[in-house]
Structures are given as structure tokens and as C-alpha cells.
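Please consult the sequence and structure shown below.

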Amino acid sequence: MTAVATRPRVLVARLDSLGDMLLSGPAIRAIAAAAEVHVLCGARGEAAARLLPGVKRVHVWDAPWIADPPPQATRRHIDAVGRIVGDVRPEAAVILTSFHQSPLPLALLLRLAGVPRIAGASVDYAGALLDVRLKPGEDFPESQSEVVRALTIARAAGFDLPKGDDARPAVQLGPEAPAGLPARYIAVHPGAAVPARAWPRASHRELVRELTDAGAAVVVTGGREEAALTRSVAAGRAVDLGGRTSLPELARVLRAADVVVAGNTGAAHLAAAVRTPVVSLFSPVVDERCWRPFGSAVVMFGATDAACAGTRARQCPVPGHPCLSEVPASVVAEAALALRRPPGAVRDRRAEGVPA
């Protein structure tokens, strides 16, 4: 009797936010083409991890050196990594990080837990912690899309996308979008997890007024904690979905939109993952080349040469937030109306998923 070959189990770690996880999707698909993928993520990335094609299981653990606010680095909390490794029993781990993050703290914990082969990208000498080490700035450029960076790490670990995969972020679509939405609409997502990346509330309100005065229907989206913001931005002119959608439902809402207007936040990456055009209000506190929406048509706004550029600031360090506050709502509205899909290209809301 011929033995059935088993797929190796690989633990893929991405410990930061929702958008980061979505941009790691193509790398995860590459690994899933040859292995059973278990994702280790922080609480902020969990919902996105559960939408990604190719993921067998999701394991949640907040890293004390990444999560904000950070959990205490107690013995019990650190030992949770060992318990996850004992549950998964991976043959290998691939640690996906951005340019400002080190894989070494997690690599040490995984090595102590018995993971035999670990891959990651590290500027610092990794010694015995990484079996496959890429050197950022030498083996690949620092300033490139997070999608390409993650795929480069996966390929160095021995995993590549199957033929025909377009290497763009993608998600599995779940429930239908909420009932009562317009037949065609522009989606506006005013919130941002980091205040320094947010276009002002007044500018969003003016944008909704400009779009509705031009005859466009508008749907305003946001999480539960953003309900007051979305209500203010909708101002009785737009459908307010603030706090009314799960992430899978939000994916449906964004997929059915003609275009999405959003800052540098997870909603912009989710819109690109469902192939909807994006007008991106991008604060230069992080590198646009790394973090711009990937895989869909995009128009970018925001002064890339502002004094805050590259600071990774959470609160704007420049009085008046000029990189975004000086972007006129009328110009953003014009771009959104021009970028929206023609009537014949509106997506079927009943579609069951986005092809990888």
C-alpha cells in the first residue's frame, strides 16, 4: 500500500496590523501552495488573517515589542508561543516583517520552542536564530512594496506562487453586504488607526457634500469605535455603515463600490484586495512605495516631501497636519468620480470570492 505524502506544516508569522496582514496574503498563498499554513498574528491582524486564502488555522498572540499598547512580557505570556508551537508542530517558520521590525525576538522564542528551520529578513546579525537570512538593503531594497518584500522572504524560504497566480492581495468573501445599499455608490472610509494618517473630519464631510452634489450615492464605512466619526461625515447625505459591518461584510461593501476613498489604513488595502479602485489620502509618515494600495487602480494624494516624512509618527509632529489638510475635498471628489468603474464594470455582489 502506497503511503500518502503529507504536506509540511509551516508557521507564518505577521504580528502587526490588518493592512500588514492583507499585504502578506500573496506570500502566504505561495507557502500554502506546498505546505499547510498556520498563521501567527497579533489581535489587530486576526480578522484579516481569517480572510486570506490558503490559511489552515490562525493563532493569536500579541508581541510585547510590536503591539500597541504592549502586553507585559511575563513568563506566562512568553510561554504562550511555546504552547502554540507545541500545538502546530511546524517543520518550519517564516517570519514576515516590515523594514523597521526585527524578526529576531520571535525567532529566539520559536527556536527555544523547537522549530527546526526559521526564515526571515534581518539587518542585524542573526547567528543561530535564522536558518535562512535575507539582509535588507543588500539582498533586496528597503523601499519596495510590502507585498514584494513578503514574497521575497517566502521565496528565500523555498516557497513560490504557483503558475497563474497574479501575486496580488486577495481575500475570501463571506456574508453578503448589508441590505439597503444603493445600486451604485462611492465608499468613503474616514477613519485611520493612526491619527497622523487621517485626513481631517471636515475634509471628509466636504467630500461627501461634493460627491452627492455631483449626483453620486455615497456609503460611509468604519468600525464600531468610529461610529461618531462616520455619522458626522455622512451628515444625513450618505448611508452611514459605521459600526455595522464585520470585516467580511466590509469586504463585500468595498467590492460592490465603484471606488473607495480611504487613508493609509486597512480599508484601502482591503479595497485593493477585492479589486476596487482606490483614492488614497496618504500621509508620508511611512514610505508610500512600501504601503500604497497594491493590485488595483489607485490615485494618491498627500505631500510626500512634508517634514513628517519617514518619521512613523502616530500623532502628527507638524502643526496643522499640512501633508493632508491642504488636500482640497473638491480635488479628491474629482479624482473619485473619474476613477470609478463604468456601469458595465460594476461587480456582482453575489460573487463568492476573489480569485487568487
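The model is predicted: local features need pLDDT of at least 70, side-chain atom pairs count only at pLDDT 80 or more, and totals for chains, interfaces and linings use all residues. Residues are numbered from 1 along each chain as its sequence is written, and side-chain values use heavy atoms, leaving out hydrogens and water.

**Cavities**

- The largest cavity holds about 60 Å³ of space, where a volume is the space filled by probe spheres set on grid points joined across faces, edges and corners.
- Its lining residues (those with an atom within 4 Å of a point) include Arg14, Asp16, Trp65, Ile95, Gln101 and Leu106.
- By class, the lining of the largest cavity divides into 7 nonpolar, 3 polar and 2 charged residues; Ala, Val, Leu, Ile, Met, Phe, Trp, Tyr, Cys and Pro count as nonpolar, Asp, Glu, Lys and Arg as charged, and the others, Gly among them, as polar.
- The second largest cavity has about 40 Å³ of space, and among the residues that line it are His189, Arg197, Trp199, His204 and Leu281.
- The lining of the second largest cavity comprises 6 nonpolar, 4 polar and 1 charged residues.

**Largest pocket**

- The largest pocket has a volume of about 1500 Å³; a pocket is an open set of points with protein on both sides within 12 Å along at least five of seven lines.
- This pocket is lined by 47 residues, of which Ser17, Leu18, Arg44, Ala193 and Thr265 are the closest to its centre.
- Helix 1 (18–23), helix 3 (46–49), helix 9 (247–256) and helix 10 (266–273) each contribute at least two lining residues; helices are DSSP runs of H or I with at least four residues, and strands are runs of E with at least two, both numbered from the N terminus.
- The pocket lining contains 18 nonpolar, 17 polar and 12 charged residues.

**Ser143**

- Ser143 lies in the loop between strand 6 (132–134) and helix 6 (146–156).
- The C-alpha atoms of Ser143 and Cys290 are 5.9 Å apart, although 147 residues separate the two along the chain.
- Beyond residues up to four places away in sequence, Ser143 touches Asp287, Arg289 and Cys290, contact meaning heavy atoms within 4.5 Å.
- The Ser143 side chain makes polar contacts with the side chains of Asp287 (2.6 Å) and Arg289 (2.9 Å); a polar contact is a pair of N or O atoms within 3.5 Å, and within protein one must be able to donate a hydrogen and the other to accept it, with residues adjacent in sequence counting only if both atoms are side-chain atoms.

Methods: 1 Å grid on protein atoms, 1.4 Å probe; cavity = no way out; pocket = protein on both sides within 12 Å on 5 of 7 lines; lining within 4 Å.
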